[in-house]
Amino acid sequence: MLSKLEKDFIVPISSCDHNAQLSFVGIFNAFMDIATDHACMLGIGNNSLAKDGIFWVAAKTKIKVKRRPCMQEETKLATWPEKPGNIRCNRYCTISDGEGIIVEGKTEWTIVGAASGRPQKTKEIYPKELVHLEDVVCEEPFLRIKTDFSTCEEFATHIVKSSDIDMSHHMNNVAYVRAVLSSFATAELDDLNISEIEIAYKAQCFEGERLSIRRLKTENNLEIGVLKEDGTCAAVLNLR
């Protein structure tokens with residue numbers, strides 16, 4: 001049984017930004033795609049889990065960038081799951097060039113009951129014969145990002161569109177990242193020179209909802225809250 005999935009990855013034009021580099025949204029999508037492929041190979045993809053009335057939910061994701069690969073550059077994608085805890089587990093992903101890892105990421109996942117919405121025992125989901133690797137990237141713990149943005153500046157809004165909705169019928173995880181980064185001009189993104197993005201998902205959003213995007217600048221970071229109309233925090237991000 002394959003503990004780590006590795007694939008050749010030629011950076012597609014469709015996933016590149018105005019600098020002809022793999023965009024941050026492209027990174028999130030690439031990691032989501034290979035993680036899904038590996039889960040399916042292990043027999044624990046969402047289609048398989050749906051038969052038991054359960055599905056995967058991402059709680060947090062952290063991406064660290066040493067260098068973003070260029071358009072049509074030949075790289076390698078890799079992913080592997082950490083040995084799970086009782087409720088949650090990490091999955092790691094990397095992009096490498098000929099010199100080594102240039103992008104790394106980890107996502108904290110849990111299994112949720114489709115009817116109850118409650119977490120299930122993740123440690124029982126993986127095949128018993130799977131050997132969990134001890135390799136780790138993004139070694140530091142996830143940040144504790146503030147969730148109260150009520151007094152912070154609103155610098156953008158986003159109406160949840162049909163293109164944001166995934167098979168779960170709520171806003172896709174990567175759509176939050178796309179909505180936030182799309183609220184910046186290209187010149188602002190260049191000035192920010194983002195090297196790390198961390199996002200924590202707090203509440204589901206649905207088609208037609210109006211989201212308020214607010215920010216708080218600290219010395220080296222930009223903390224961003226995505227708020228629903230009732231003030232509930234749907235997602236929080238930290239840009240470094």
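Residues are numbered from 1 along each chain as its sequence is written, and side-chain values use heavy atoms, with hydrogens and water left out. Because the model is predicted, local features need pLDDT of at least 70 and side-chain atom pairs count only at pLDDT 80 or more, while totals for chains, interfaces and linings use all residues.

**Exercise 1. The chain as a whole**

Describe the secondary structure of the chain, and work out why its radius of gyration agrees with that of a compact globule.

Solution. Begin with the secondary structure, which comes to four helices and eleven strands; helices (H or I, at least four residues) and strands (E, at least two) are DSSP runs, numbered from the N terminus. Next, take the extent of the C-alpha trace, which spans about 50 × 45 × 30 Å along its principal axes. The radius of gyration is taken over C-alpha atoms, and the globule rule is 2.2 Å times the number of residues to the power 0.38. For 240 residues a compact globule would therefore have a value near 18 Å, and the chain has 18 Å, which agrees. Then consider burial, where buried means under 20% relative accessible area, exposed over 50% and partly exposed in between, with a 1.4 Å probe and protein chains only: buried residues make up 48% of the 240 residues. Finally, contact means heavy atoms within 4.5 Å, and among contacts between residues at least 6 apart in sequence, 72% join residues at least 24 apart.

**Exercise 2. Helix α1 and its partner**

Determine how the axes of helix α1 and helix α3 are arranged, and which residues of the two helices meet.

Solution. Start with α1 itself, which has 18 residues and reaches 26 Å from its first C-alpha to its last, close to the 26 Å expected at 1.5 Å a residue; the expected span is 1.5 Å times one less than the number of residues. The axes of α1 (residues 24-41) and α3 (residues 173-182) come within 9 Å and cross at roughly 175 degrees. That crossing makes α1 roughly antiparallel to α3, since angles over 145 degrees count as roughly antiparallel, those under 35 as roughly parallel, 65 to 115 as roughly perpendicular and the rest as oblique. Such axes are lines fitted to C-alpha atoms, for helices over the stretch in contact, with angles running from 0 to 180 degrees between N-to-C directions.

At the contact, Phe24, Val25, Phe28, Asn29 and Met32 in α1 meet Val174, Val177, Arg178 and Leu181 in α3. These residues divide into seven nonpolar, one polar and one charged, where Ala, Val, Leu, Ile, Met, Phe, Trp, Tyr, Cys and Pro count as nonpolar, Asp, Glu, Lys and Arg as charged, and the others, Gly among them, as polar. The buried residues of α1 include Phe24, Val25 and Phe28, as well as Phe31 and His38. After the helix comes glycine 43, whose phi is positive, near 80 degrees.

**Exercise 3. Two residues compared by setting**

Solution. Not counting residues up to four places away in sequence, histidine 38 touches, among others, Leu2, Ser3, Trp80 and Arg91. Leaving aside neighbours within four places in sequence, the contacts of threonine 94 include Phe31, Trp80, Ile101 and Val137.

**Exercise 4. Positive phi in loops**

Find where glutamine 72 and asparagine 193 lie, and state what their phi values are.

Solution. Glutamine 72 is found in the loop between β2 (54-65) and β3 (74-81), and its phi is near 65 degrees, a positive value in a residue other than glycine. At 52% relative accessibility, glutamine 72 counts as exposed. Asparagine 193 lies in the loop between α4 (186-192) and β8 (196-201), with phi near 50 degrees, again positive in a residue other than glycine. At 61% relative accessibility, asparagine 193 counts as exposed.
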